[in-house]
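Please look over the sequence and the model first, then read on.

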Amino acid sequence: AQTTPTGDNSQQWIFEWQGDALNVWIDMARAKHYYNIHNYAAMMSLGMLIEIVRLSAEQQQFQCDFKVSDDYLNSDTSKPWCQITFKPMAQANPSSSALYACIQKRYTDRRIYAKTPIDTETLNRLSSQGDHSRRTSLKFCKTLTQDFLNYFKHCDYIMAHRQEPLRDISKWVRMSLAEAEKSRDGIYWKQLDLDYVGAKMFSLFCRWPRLPQLLWYFGFGLMN
């Protein structure tokens with residue numbers, strides 16, 4: 001469970017055994033980061049935590065039952081966000097073995113995604129893989145809901161009007177290919193899908209994080 005990804009690597013989960021039940025608490029002080037809008041990032045992390053616990057338990061021949069709190073949207077810290085109980089299984093679940101083997105792996109793809117529709121063959125292959133364990137499903141939305149668009153707009157607003165994201169990103173962006181190859185831990189600016197002018201502006205924003213707010217204040221319209 002401690003391998004669960006968390007927004008901004010906040011590691012906000014606290015684990016406590018209560019008899020045979022494992023309680024999962026949230027440390028709201030650690031969860032208060034700029035990626036956790038309305039606790040969305042924390043809820044996604046909780047879902048991943050539950051799946052990791054399930055996969056791990058089934059390999060040890062235990063079945064899990066999960067009871068998720070109804071008050072997570074209100075940031076209620078008086079009770080755990082999730083309580084997990086275990087009961088023995090006759091044998092390990094073979095369908096979860098492949099996913100269990102991937103828990104300790106880390107994969108980062110920093111390539112720019114092509115702005116083209118996914119071809120039909122790829123979509124069909126993804127759809128067929130979505131139900132391989134009978135616990136997962138994959139759905140494609142032909143239209144985006146307004147709530148979904150508002151969420152992304154809010155994320156863009158945070159990037160343009162707060163200093164913390166720019167300060168964090170600036171640590172990893174390399175302004176030359178030689179620097180990116182030498183450091184081996186950063187992102188070349190072209191991988192951000194910026195043109196040359198945009199890269200120079202980004203460099204200025206990283207150097208002076210208050211500059212986007214100042215430009216917006218004077219009506220330069222960084223955000224629509």
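Helices and strands are DSSP runs, numbered from the N terminus: a helix is a run of H or I with at least four residues, and a strand is a run of E with at least two.

## Basis of the report

The structure is a predicted model, in which local features need pLDDT of at least 70, side-chain atom pairs count only at pLDDT 80 or more, and totals for chains, interfaces and linings use all residues. Residues are numbered from 1 along each chain as its sequence is written, and side-chain values use heavy atoms, with hydrogens and water left out.

## The chain as a whole

The chain contains nine helices and six strands. It has 224 residues, of which 27% count as buried. Buried means under 20% relative accessible area, exposed means over 50%, and partly exposed lies in between (1.4 Å probe, protein chains only).

Contact means heavy atoms within 4.5 Å. Among contacts between residues at least 6 apart in sequence, 58% join residues at least 24 apart.

A salt bridge is a side-chain nitrogen of Lys or Arg within 4 Å of a carboxyl oxygen of Asp or Glu. The structure holds two of these salt bridges. In one, the side chains of Arg-54 and Glu-51 meet at 2.5 Å, N to O. In the other, Glu-58 pairs with Arg-54, and the closest N and O atoms are 3.1 Å apart.

Where do Arg-54 and Glu-51 stand relative to each other along helix α2? They are three residues apart, so about one helical turn separates them. Glu-58 and Arg-54 are four residues apart in helix α2, which also means a separation of about one helical turn. Arg-54 is buried because its relative accessible area is 5%. Glu-58, with 3%, is buried too, whereas Glu-51 counts as partly exposed at 27%.

## Met-48 and its contacts

Helix α2 spans residues 40-59 and includes Met-48. Met-48 has 37% relative accessibility and so counts as partly exposed. Not counting residues up to four places away in sequence, Met-48 touches Thr-4 and Pro-5. Met-48 and Thr-6 are 42 residues apart in sequence, and their C-alpha atoms are 9.2 Å apart in space.

## The segment before β1

Gln-12 lies in the segment before β1, a strand of residues 13-18. Is Gln-12 buried or exposed? It counts as buried because its relative accessibility is 2%. Leaving aside neighbours within four places in sequence, Gln-12 is in contact with several residues, including Thr-6, Trp-25, Arg-30 and Ser-45. Its side chain also makes a polar contact of 2.4 Å with the side chain of Ser-10. A polar contact is a pair of N or O atoms within 3.5 Å; within protein, one must be able to donate a hydrogen and the other to accept it, and residues adjacent in sequence count only if both atoms are side-chain atoms.

Gln-11 is found in the segment before β1 as well. Gln-11 is not a glycine, yet it has a positive phi of about 50 degrees. At 36% relative accessibility, Gln-11 counts as partly exposed.

## Strand pairing

Two strands pair if DSSP finds at least two bridges between them. Strand β2 (residues 21-26) and strand β4 (residues 82-88) pair in the antiparallel sense over four bridges. The bridge partner of Asn-23 in β4 is Gln-83.

Strand β3 (residues 62-68) also runs antiparallel to β4, and seven bridges join the two. Here Gln-63 has Lys-87 as its bridge partner in β4. Gln-61 lies in the loop between α2 and β3. Its phi is near 65 degrees, a positive value in a residue other than glycine.
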